[in-house]
Amino acid sequence: MSRSINIGYRTSRGGTTTDIEIRSPYDLLGTQQTSKRFWSLPVWERLAVTQLAELGNTDPVYFVGWDMMDDLANEIMLFSQNIAEIDFDAEIKSSWLAHLVYCYNLLILTAPSDSIPEFSIG
């Protein structure tokens, strides 16, 4: 089973979510087993990547609201800046970083500034 990324936004609390279509293969974040191995690496704790690292234990992980988009941006930046230190297959970690960057940017560039953005991986 593959983990997928879903993005969208709500115009009000409790309102319906407007989904944003993600081009394939950017909607995928690997198989559940491979993803769990990757996100449970000890390096994440040292890098202070806490929310994405939850994918090593649980499924799904949600980022909701602009404050959490800032948290997600920070964790993606830490991933990017330290990618060489992460002991994992180069192609996998490079493609997953690209998928996270693409989906994050698509969401923040599409969601209206007065909306509630939603980013989930599960």
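User: What share of the contacts in the chain with a separation of 6 or more comes from residues 24 or more positions apart?

Analyst: Such residues account for 70% of those contacts, where a contact means heavy atoms within 4.5 Å. The model is predicted, so local features need pLDDT of at least 70 and side-chain atom pairs count only at pLDDT 80 or more, while totals for chains, interfaces and linings use all residues. Residues are numbered from 1 along each chain as its sequence is written, and side-chain values use heavy atoms, with hydrogens and water left out.

User: What makes the chain as compact as a globular protein of its length?

Analyst: The chain comprises four helices and five strands, where helices (H or I, at least four residues) and strands (E, at least two) are DSSP runs numbered from the N terminus. Their order from the N terminus is β-β-β-α-α-β-α-α-β. The radius of gyration, taken over C-alpha atoms, is 14 Å, and the globule rule gives 14 Å for 122 residues; the two values are close, so the chain is as compact as a globular protein of that length. The rule itself is 2.2 Å times the number of residues to the power 0.38.

User: Why is Glu-118 called buried?

Analyst: Buried means under 20% relative accessible area, exposed means over 50%, and partly exposed lies in between, with a 1.4 Å probe and protein chains only. Glu-118 has a relative accessible area of 16%, and is therefore buried. Glu-118 belongs to strand β5 (residues 116-121). Five of the six residues of β5 are buried, so this strand is largely enclosed by the rest of the structure.

User: Which side chains make polar contacts with the side chain of Glu-118?

Analyst: A polar contact is a pair of N or O atoms within 3.5 Å; within protein, one must be able to donate a hydrogen and the other to accept it, and residues adjacent in sequence count only if both atoms are side-chain atoms. The side chain of Arg-10 meets this at 2.4 Å, and that of Thr-17 at 3.1 Å.

User: How do you know that β5 pairs with strands β1 and β4?

Analyst: Two strands pair if DSSP finds at least two bridges between them. Strand β1 (residues 2-10) and β5 have six bridges and are antiparallel; Ile-7 has Phe-119 as its bridge partner in β5. Strand β4 (residues 61-64) is joined to β5 by four bridges, also running antiparallel, and there Val-64 has Glu-118 as its partner.

User: Why is the pair of Phe-38 and Phe-88 called edge-to-face, and that of Phe-38 and Phe-79 tilted?

Analyst: Rings of Phe, Tyr and Trp (its six-membered ring) pair if their centres lie within 6.5 Å; planes under 30 degrees apart count as stacked, over 60 as edge-to-face and the rest as tilted. By this rule there are eleven aromatic pairs. For Phe-38 and Phe-79 the centres are 5.7 Å apart and the planes make 50 degrees, hence a tilted pair. Phe-38 lies in helix α1 (residues 32-39) and Phe-79 in helix α3 (residues 66-81), 41 residues apart. For Phe-38 and Phe-88 the values are 4.9 Å and 70 degrees, hence edge-to-face. Both Phe-38 and Phe-88 are buried.

User: Which residues form one aromatic cluster?

Analyst: The cluster consists of Phe-38, Trp-39, Trp-44, Phe-79, Phe-88 and Trp-96.
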